[in-house]
Amino acid sequence: MVFTKPLTWKCHICGELRPDANISVLTKPLVIGGRPCGQQNIRYCNDNPQCIKAVRDYSFFKEGKRLMTIDKAIEILELCVVSPFVIAKPDTKDAIKLGIEALKIIRRSRQPESPIKLATLPGETRE
Ligand SMILES: [Zn+2]
């Protein structure tokens with residue numbers, strides 16, 4: 001017998017895990033330093049007026065504010081891997097992939113069940 005989990009997505013605005021039908025995606029250009037660097041797909045609750053309103057101004061990369069969480073860094077770095085506008089050299093892509101894996105290890109270390117707790121990184125903010 002096969003049990004399948006219902007498809008859920010995490011809202012990028014409120015952070016809640018929601019059923020597939022209650023999540024929509026807004027695709028916006030990703031602009032870093034005034035230059036378009038690709039696209040970002042922002043998931044939001046399509047039944048929550050606050051999420052619907054906030055998604056219009058939301059970006060994974062907030063210029064000037066210096067807010068960077070591990071989750072956001074992983075999202076941006078994963079976007080860099082698939083965007084030819086951001087990444088030109090194969091070595092850069094490998095370095096980014098390694099950085100993504102390192103951040104995932106740090107994120108796992110902060111789960112309640114992990115015996116090792118790694119500290120906040122320089123430049124990182126907590127949600
Ligand atoms: Zn939401």
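**The core and its surroundings**

Leaving aside neighbours within four places in sequence, Cys 11 is in contact with Glu 16, Arg 18, Ile 23, Arg 43, Tyr 44, Cys 45 and Cys 51. Contact means that two C-beta atoms, placed from the backbone, lie within 7 Å. This is a predicted model: local features need pLDDT of at least 70, side-chain atom pairs count only at pLDDT 80 or more, and totals for chains, interfaces and linings use all residues. Residues are numbered from 1 along each chain as its sequence is written.

Cys 11 belongs to the largest nonpolar core, with Ile 23, Ile 42, Tyr 44, Cys 45, Cys 51 and Val 55, seven residues in all. Such a core is a set of buried Ala, Val, Leu, Ile, Met, Phe, Trp, Tyr and Cys residues joined through C-beta atoms within 7 Å. Buried means 20 or more other C-beta atoms within 10 Å of the residue's own, again placed from the backbone. Strand 4 (residues 35–45) gives the largest share of this core, three residues. Strands are DSSP runs of E, at least two residues; helices are runs of H or I, at least four; both are numbered from the N terminus.

Now Val 55. It sits in the loop between helix 1 (49–54) and helix 2. Val 55 counts as buried because it has 22 C-beta neighbours inside 10 Å. Not counting residues up to four places away in sequence, Val 55 touches Ile 13, Leu 26, Ile 42 and Tyr 44. His 12 is 43 residues from Val 55 along the chain, yet their C-alpha atoms are separated by 8.4 Å.

For context, buried residues make up 11% of the 127 residues in the chain.

Conventions
A residue is buried if 20 or more other C-beta atoms lie within 10 Å of its own, exposed if 12 or fewer, and partly exposed in between; C-beta atoms are placed from the backbone.
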